[in-house]
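Subject: Handing over the two-chain model

Dear colleague,

I am passing the structure below on to you, and after it you will find my notes on what came out of it. Please read them with the structure open beside you.

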Amino acid sequence: MPAVTETIDTVASVTSGTYKYGFETEIEMEFAPKGLNEDIVRFISARKNEPEWLLAWRLKAFALWRTMEEPRWPAVKYPPIDYQDAYYYAAPVKKPGPKSLDEVDPELLRTYEKLGIPLREQAILAGVEGAGESPAEGRMPVAVDAVFDSVSVATTFKGRLEKEGIIFCSISEAVQHHPELVRQYLGSVVPQADNFFAALNSAVFTDGSFVYIPKGVRCPMELSTYFRINAKSTGQFERTLIIADEGATVSYLEGCTAPMRDENQLHAAVVELVALDDASIKYSTVQNWYPGDEDGKGGIYNFVTKRGACRGRRSKISWTQVETGSAITWKYPSCILQGDESVGEFYSVAITNNHQQADTGTKMIHLGRNTRSTIISKGISAGKGQNTYRGLVKIQPKASGARNFTQCDSLLIGDQCGAHTVPYIENRCMTAKVEHEATTSRIAEDQLFYCRQRGLSEEDAVGLIVNGFCREVLKELPMEFAVEAQKLLQISLEGSVG
Amino acid sequence: MNAVSEPAVTEAGAAGFLHRFEGLRARLPGRGLPWLVERREAAAESFRAQGFPSRRVEAWKYTDLAPLTQAGFGEPLTPVESALPLPRPAAPRRVVLVDGRFSQDLSDPDAPVRSLARHLPELEGRLGALARVEDLPLVALNTALFEDGVLIDLAPGEDGGVIELLSVTRADRPVASHPRHLIRLGAGAKLVLIERSWGHGEGRYLHSPVFEVEVGEDAHVTHARMQQEGKGAIHLSTVFAEVAARGTYDSFLLHAGAKLSRSEAHVRLAGPRAAAHLNGAQLLGDGQHGDCTTFLDHAAPDCPSRQTVKTVLAGRSRGVFQGKIHVHQVAQRTDGYQMNQALLLSDQAEIDSKPQLEIYADDVKCSHGATVGELDEEQVFYLRSRGIPAAQARSMLIEAFLQEAVEGVTEEAARAALAEAVAGWWERMAA
């Protein structure tokens, strides 16, 4: 993923700011029939050769989903989704592993190239035999798991990670090779009946990443998953499960793109994190799904459930997200702070331009003593975008000494957009301390003037000020991502000034 | 003097109130006015369709109306006891409502206040102009059932002085009253209204007033609201205020009494440079539930609004603050500020706070803040290190927290009345 930066540079200069990942790769795909019913759930499960318990688990989720109603409370508008008019399973057709890059489906390679994945990793991703066991030269290695539509196509640096006892693979593989871990943790943070989209995901999830960091291990490299929706009329339902055992530490990155289409596509993922005693998980997202065109046509509906459980004492979960894409974003990465002295963090930048809508925020549920949480949210609205921060800080009676600090700032660019803040604070503990502050303003004239006076164009000045506005969040990102995110911010806002 | 006949207490829930409307409709004031009859019928229909709000309704997420919906209420009795003991007046001129009905005997004839029931024919097009019923079932219920209230009309430039509006309910029977109050200030007029809700006795009753306040250009209203209902009371009030250019609606809400209270304010800043202050304090002891909910609509440019609400919670109590600021696209250069603080004095208390900004204009400055916590032990330590006993130190700090809330009230008479109501609250609680 880090090399995406360079791609942005090159592509940005050519396309000057329109969506850069709007290509579709013509690869032989295998689809399940359109529509959603029990047979499709069975089909997916059978295709993945899943054990009986998982099929039962999926069917239960499907039965629950059928009784549930789509949430209407988010401050987003979209036409009703026809859940029967989509493919729930699409996978690139598997052929025997190619011997060298020359034999790889050139379409797939071109996709990787456009995504900016370096050659060595391309070889690994494409499944070239023998590739990928020696570390790349000259830079920090990043282990990548690429998920193409519904299926994880390849995971890099597996061997190196295995030496440390780290499991990093697609969740389908994990089901085959580590069923006990999957069974123990799957759905333990986000139960099947948690919400409409989580139930849907539980029934039809097709792939995603699985990470297990054993006791006391500090993961030697960044782990990364790259998601792409490629085929037409498909939904992507990936499921990610990360477990950090006692004293383990891991940093995980997630990136997303999709081709340009004038229809809307659904992305309903579930991410579950579990941190045991003294474990620490850092989860970073740069979400750049196709946002739709300037008139709001097309784009991804990004309805995602992300939640982490700080089960152990002194455990820590930190969410960082940069949300620039998607027609609609609906997600609330949350932390359940069960362990005493556990820590939850949420750093977010969400940009809406043109007709994009975002309703995002977090939930911090304090259960254990002396638990701490920090929420920093930066919302930027431009064009006709609507941006809502919605967050919950809940402190239960036993969470004595709990502490929360929340800051959400909104920036408005243009008079057609909206910025909304909806925080919920529920405190049932006397010794807890909760602080919340929120501001909404536009870019100050004097700041703009100062930059212009020094020769910056208005657009560059806005970019600079916006980056400053988001600095507290961007500095939380791993370095390679931070650079990419900064560029993305600037690109997302193009056309919104002047 | 006692009642001529004892009207029955109706069945519980919405049905009870609807039956009461059926029984009363031919006797309610204004029954000869077609427009009012029509309005009441429509409101009753709206209430029938909506029912009492459940906690599934977002605006009622934190307040459960079970104490209201699970009990029956009756109609107030007609005769008024003239020997009713009343609290000491808070203003030189006072008007009194007993069980929701204007009491000529107990009211100061010099006050520019009239009984609403006697002037209904003049109110076509005005009554209900601000109070909407579609999504507010309690307002619908009030519109269907109101019997009386006050009517205050100030001519342009007139100074109405300081007036106390005292609503007394005798809690010896579970009565329900739904008074409607209409207040209008002409351009440049001025009024200080100290509104008190007072309960007589400890029994259960419902007091559910609705205010419609029209503030003309350059006019200024101070609305100090003191809810000091009886221990068993349910107090559900709704204020609608519309402020014209350069006018000010300056309100302060005190929740001190009642078992369950919720005060909703819907304020619309309709003209340029109109201002609103929606401050308040909730003092909640064991078994009390207080809910301060506000909707502030910035519908014109250059309007400032200020809101500071403080809640102190002792025993097993629950406090709610919901404040929404809506800035329309035309409302450029809005300056909105909202602060909400809560002090928890018991490990059985709960505070729920939902400040909310909804902004559609870009040249705005809006912020809100919320803090929740217990008394600062460092401050307690500071006082103790200077020889003040712990209990007294705590009491001083609580007192300071409360008085600070009241300090923002600029009108002296109103501030004094509020300060008095707040003073010694903690001593009374701790005793």
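A:His267 is buried, since its relative accessible area is 3% (buried means under 20% relative accessible area, exposed over 50% and partly exposed in between, with a 1.4 Å probe and protein chains only). The residue belongs to strand β10 of chain A, residues 264-267, where helices (H or I, at least four residues) and strands (E, at least two) are DSSP runs numbered from the N terminus. Between A:His267 and A:Val304 there are 37 residues in sequence, while their C-alpha atoms are 7.3 Å apart in space.

Before going further, please note that this is a predicted model, in which local features need pLDDT of at least 70 and side-chain atom pairs count only at pLDDT 80 or more, whereas totals for chains, interfaces and linings use all residues. Residues are numbered from 1 along each chain as its sequence is written, chains are lettered from A and ligands numbered from 1 in the order in which they are written, and side-chain values use heavy atoms, with hydrogens and water left out.

Chain A as a whole has 13 helices and 24 strands, and of its 498 residues 64% are buried. Of the contacts in chain A with a separation of 6 or more, 83% are between residues 24 or more positions apart, a contact being heavy atoms within 4.5 Å.

Turning to where the chains meet, 31 residues of chain A are in contact with 35 residues of chain B. The two chains bury about 2600 Å² between them, 48% of it on carbon and sulfur atoms, buried area being the accessible area (1.4 Å probe) that two parts lose on being put together, summed over both. A:Tyr424, A:Ile425 and A:Met430 supply 23% of the area that chain A buries against chain B, more than any other three residues.

Three salt bridges are found across this interface, a salt bridge being a side-chain nitrogen of Lys or Arg within 4 Å of a carboxyl oxygen of Asp or Glu. One joins B:Glu350 to A:Arg428, with the closest N and O atoms 3.4 Å apart. Strand β24 of chain A also pairs with strand β21 of chain B (residues 365-373) in the antiparallel sense, over seven bridges, where pairing requires that DSSP finds at least two bridges between two strands. Within β21(B), B:Val372 is the bridge partner of A:Val434.

In chain B, B:Asp376 caps the N-terminal end of helix α5 (residues 377-385), with a side-chain oxygen 2.9 Å from the backbone nitrogen of B:Glu378. After α5(B) comes B:Gly387, which has a positive phi near 90°.

How values were computed
Polar contact = N/O pair within 3.5 Å; in protein donor to acceptor, adjacent residues only side chain to side chain.
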